[in-house]
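Dear colleague,

I am handing over the structure we spoke about, and below it you will find my notes on a few places in it. Please read them with the structure open beside you.

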Amino acid sequence: MNAIELDAVTYRYDQEELRFDLTAAPGEWLAVIGPSGAGKSTLLDILAGFLRPDGGAVRLEGRDMTATAPAERPVSMVFQDDNLFPHLSAERNVALGISPTWRLPASARARAREALERVGLAGLADRMPGELSGGERQRVALARAFLRDRPILLLDEPFAALGPALRMEMLALIGALRDTLARPPTIVMVTHHPGDALGHADRVAFLEGGRIRLTGSPRQVLSGNDPRVAAYLGASASAEP
Ligand SMILES: Nc1ncnc2c1ncn2[C@@H]1O[C@H](COP(=O)(O)OP(=O)(O)O)[C@@H](O)[C@H]1O
Ligand SMILES: [Mg+2]
C-alpha cells in the first residue's frame with residue numbers, strides 16, 4: 001500500500017490547469033523542488049485537503065480521500081511561518097496538536113513539555129510565540145506536528161526564512177524526530193534550497209509549470225542531467241544565500 005497516491009489529479013486556477021500524478025511509500029521522505037509558481041504549494045494543499053481537485057483521485061493510506069475534510073486526513077502540515085497561535089504559549093500551541101480543549105489535561109501538558117524538550121526548547125514552554133526567534137517558533141511547530149504522530153507530514157518551505165546553518169540543524173532535527181517514532185511518517189517537503197534534499201530525502205520530485213517533470217534519487221535529479229533541472233539549479237544557485 002502506498003501512503004500517498006495522486007491519480008490524474010487536476011486543479012484549475014483562472015488561467016492554468018495543474019496536473020499531478022505521484023506516489024510515495026510509507027516512511028519515505030520526498031523533497032519537492034522547482035521554480036516559484038511551479039505548483040509546489042498547490043500540490044501540498046491538495047494533499048492536505050485545503051484545495052479540492054477538479055478531477056482525479058487523492059488516496060492516502062490506501063483510502064480515497066479526495067473529498068475528505070483536512071481535519072479528517074492522516075496529515076499534519078508545517079508552513080513557512082504563522083504556524084502558531086500568537087496568544088498561546090509554546091506549550092499550549094504544542095498541546096493543541098493532541099488536545100483541542102481549553103482546560104488542558106495534565107497528561108497533554110506533560111506530553112507537550114516532553115515534545116518541546118525533544119526539539120531543544122526545554123525551559124521555553126511558557127514563552128509566547130512573539131518571545132521566540134523564528135527558528136524556535138519552527139521548532140515549536142515541529143514539536144506539535146511530531147506529537148500528533150500522523151502518518152503523513154507535509155512541510156511547505158518551513159525553513160525558508162532561516163539561515164543555512166539553522167536550516168541544516170532543523171533538517172537534522174527532523175531526521176532525529178523521525179527516528180524516535182515506531183512508524184516514521186511519510187514526509188513531503190517543499191524546499192527552494194535543492195541541496196537540502198541531499199543527505200535527507202530519499203527521493204526528489206522536480207515540478208515545473210504545474211507538472212511533476214521528474215522524480216528520482218536526490219543525486220540523479222540534482223546532477224542536472226535533465227536540462228530543465230539544470231536551468232532551475234543554475235538560477236537557484238545564484239539565489240542561494
Ligand atoms: N489563489 C490563486 N489564484 C490564482 N492563481 C493561483 C492562486 N494560487 C496560486 N496560483 C497560481 O498557481 C500556480 C502555482 O502556484 P503555487 O502552487 O503557489 O506555486 P509554488 O508553491 O511552486 O510557488 C502559479 O502560477 C500561481 O500563480
Ligand atoms: Mg509555494
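A residue is called buried here when its relative accessible area is under 20%. The model is a predicted one, and everything that follows should be read with that in mind.

By that cut-off Glu-28 counts as buried, because its relative accessibility is 14%. Glu-28 sits in the loop that joins β2 (17–24) to β3 (29–33), and, once its neighbours within four places in sequence are set aside, its contacts are Thr-23, Arg-178, Pro-185, Thr-186, Ile-187, Asp-202 and Arg-203.

Helix α1, which spans residues 40–48, is mostly covered, with 8 of its 9 residues buried. The buried residues of α1 are Lys-40, Thr-42, Leu-43, Leu-44, Asp-45, Ile-46, Leu-47 and Ala-48, and just after the helix Gly-49 adopts a positive phi of about 95°.

Turning to the packing of two further helices, α3 (residues 106–118) and α4 (residues 134–148) meet at an angle of about 125°, their axes lying 9 Å apart, which means that α3 is oblique to α4. The crossing of these two helices, α3 and α4, is right-handed. On the α3 side the contact involves Arg-111, Ala-112, Ala-115 and Leu-116, which meet Val-140, Ala-143 and Leu-147 of α4; the residues of this contact comprise 6 nonpolar, no polar and 1 charged.

With best wishes

Key. Residues are numbered from 1 along each chain as its sequence is written. Chains are lettered from A and ligands numbered from 1 in the order in which they are written. This is a predicted model: local features need pLDDT of at least 70, side-chain atom pairs count only at pLDDT 80 or more; totals for chains, interfaces and linings use all residues. Side-chain values use heavy atoms; hydrogens and water are left out. Buried means under 20% relative accessible area, exposed over 50%, partly exposed in between (1.4 Å probe, protein chains only). Helices (H or I, at least four residues) and strands (E, at least two) are DSSP runs, numbered from the N terminus. Axes are lines fitted to C-alpha atoms, for helices over the stretch in contact, and angles run from 0 to 180 degrees between N-to-C directions. Angles under 35 degrees count as roughly parallel, over 145 as roughly antiparallel, 65 to 115 as roughly perpendicular and the rest as oblique. A crossing is left-handed if the near helix is turned anticlockwise from the far one by less than a right angle, and right-handed if clockwise. Contact means heavy atoms within 4.5 Å. Ala, Val, Leu, Ile, Met, Phe, Trp, Tyr, Cys and Pro count as nonpolar, Asp, Glu, Lys and Arg as charged, and the others, Gly among them, as polar.
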